[in-house]
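These are my notebook entries on a structure that I had not examined before. I set down what I looked up, entry by entry.

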2 protein chains.
Amino acid sequence: MWLIVGVTVLPLQPVPADEAEGVWTIVVAGGSGRRFGRPKQFEQLAGRRVIDWAVGDASQASEGVIVVLPPELAGAEGTAPGGATRSASVRSGLAAVPQDAAVICVHDAARPFAGVEVFRAVVAAVRSGADGAVPGIPVTDTIKVVDGSGTVTATPERASLVAVQTPQAFRADVLRAAHADGSEGTDDAALVEQAGGRVVVVAGSERNRKITLPADLAWARQEAAS
Amino acid sequence: MWLIVGVTVLPLQPVPADEAEGVWTIVVAGGSGRRFGRPKQFEQLAGRRVIDWAVGDASQASEGVIVVLPPELAGAEGTAPGGATRSASVRSGLAAVPQDAAVICVHDAARPFAGVEVFRAVVAAVRSGADGAVPGIPVTDTIKVVDGSGTVTATPERASLVAVQTPQAFRADVLRAAHADGSEGTDDAALVEQAGGRVVVVAGSERNRKITLPADLAWARQEAAS
């Protein structure tokens, strides 16, 4: 099995048929890298690009992968053109996922170190009855809610907060319904929550950071080498 | 002016009388470094200890500094013994702050890179009428609120969230009142908020990270060298 991503052809690992059956993953790489200065998902990281790490994990846990790329790079089989917003990009990816998919994961191309285990964990949570499942890690900072004037209106108890990551897994019908009206959300889980779906949190990892700033890429290169 | 911290005697910078007048800062260094493995505030960072960086900033912005130390290290003038919790340590420091202090700042010893400007900013906000002021930076992760079963109950809008840091500045009477009943809070601002005080957020900085894990110290050493 081979997957064409941009101009690189990646050999994929054999899929364990039982766990991956009916699972499709959308890897979202449509961003322009506004904060980074350029599309960070195509930066080199220990001999391959950041996106190749993300797709590699996804391909081991999925029957198929759809990579959402900047429109000028999309076109090959297994790709879809990015939209104006992240949610629009996910919808573009959803349109390319076969109708018989049972579970759909959405993953950020800029997270090279998710690991296959976290894919399996979110998929397992959905197969166990949740509408969606997301990886989360404890929040170490004190978080406050502020109003428009910069005045603190609440300090949520830190123990009740999690910082969530991707991959996020969903029942396919639930995710498609949540995106049907073109909603925008902070993440896909928020759209499913707004539609009344039950989303659960599974253990994420500190290592599963998103590459957002050049310092994150420097960290990732150290991490990949260690 | 000299300040005795543990076994090191630090020469302090001259205090700009206008801005620092009536300002006292409590530097909390009573922690055991449970997550770090040992008290991280005494680790070396570019030729001095982490705590010396924090005290150095505080001393430039304050008329006086009280350093809350593990009880076995406290005793010298300008120090106070740490308590069983962070809030108890702050109360120990408060007891050593002169009654005529007008503004009291509380700062984590494990934040070496706060910088004097952020002290001035939080103090200025309190002098302008707020009960308290804290530095905050935008939250980059999606944060979710979960219940005891790990089910997501809310996804607060990210634009309304800030991750807060120290130094936190307060009207002295307000901070003393908030601590009077021995309350515990995530941070001092939360106690003031619970007592009905108005706390505002000023711009913090990405650099003002707390040293929590060994990786944070490695980062700080790179940062100090650059």
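**Entry 1: helices α3 and α5 of chain A**

I looked up how α3(A) and α5(A) cross and found that α3(A) passes α5(A) in a left-handed crossing. A crossing is left-handed if the near helix is turned anticlockwise from the far one by less than a right angle, and right-handed if clockwise. Helices (H or I, at least four residues) and strands (E, at least two) are DSSP runs, numbered from the N terminus. On the α3(A) side I listed A:S87, A:V90, A:R91 and A:L94, and on the α5(A) side A:L175, A:R176 and A:H179, as the residues that make the contact. Contact means heavy atoms within 4.5 Å. I sorted the contact of α3(A) with α5(A) by class into three nonpolar, two polar and two charged residues. For this I counted Ala, Val, Leu, Ile, Met, Phe, Trp, Tyr, Cys and Pro as nonpolar, Asp, Glu, Lys and Arg as charged, and the others, Gly among them, as polar.

I then looked up the geometry: α3 (residues 86-96) and α5 (residues 172-179) of chain A pack at about 130 degrees, with their axes 11 Å apart. I therefore recorded α3(A) as oblique to α5(A). Axes are lines fitted to C-alpha atoms, for helices over the stretch in contact, and angles run from 0 to 180 degrees between N-to-C directions. Angles under 35 degrees count as roughly parallel, over 145 as roughly antiparallel, 65 to 115 as roughly perpendicular and the rest as oblique.

**Entry 2: basis of the notes**

I note that this is a predicted model, in which local features need pLDDT of at least 70 and side-chain atom pairs count only at pLDDT 80 or more, while totals for chains, interfaces and linings use all residues. Residues are numbered from 1 along each chain as its sequence is written, chains are lettered from A and ligands numbered from 1 in the order in which they are written, and side-chain values use heavy atoms, with hydrogens and water left out.

**Entry 3: helix pairs of chain B**

I looked up α3 (residues 86-96) and α5 (residues 172-179) of chain B, which pack at about 130 degrees with axes 11 Å apart. That angle makes α3(B) oblique to α5(B), and their crossing is left-handed.

I next took α2 (residues 50-61) and α4 (residues 116-127) of chain B, whose axes lie 8 Å apart at an angle of about 45 degrees. The crossing of α2(B) past α4(B) is right-handed. B:D57, B:A58, B:Q60 and B:A61 of α2(B) meet B:V116, B:F119 and B:R120 of α4(B). I classed the residues of this contact as four nonpolar, one polar and two charged.

**Entry 4: the interface of chains A and B**

How many residues of each chain are in contact? I found 31 residues of chain A in contact with 30 of chain B. The two chains bury about 2,600 Å² between them, 57% of it on carbon and sulfur atoms. Buried area is the accessible area (1.4 Å probe) that two parts lose on being put together, summed over both. In chain A, the residues losing the most area to chain B are A:T142, A:K144 and A:T186, together 21% of what that side buries.

The rule finds four salt bridges across the interface, a salt bridge being a side-chain nitrogen of Lys or Arg within 4 Å of a carboxyl oxygen of Asp or Glu. One salt bridge that I looked up joins B:K144 to A:D187, with the closest N and O atoms 3.1 Å apart.

**Entry 5: backbone features**

Most residues other than glycine have a negative phi, and most peptide bonds are trans. I noted a cis peptide bond from A:T166 to A:P167, with omega near 10 degrees. A:P167 is in the loop between β12 (161-164) and β13 (168-171) of chain A.

A:A46, a residue other than glycine, has a positive phi, near 55 degrees. I located A:A46 in the loop between β4 (44-45) and β5 (48-49) of chain A.
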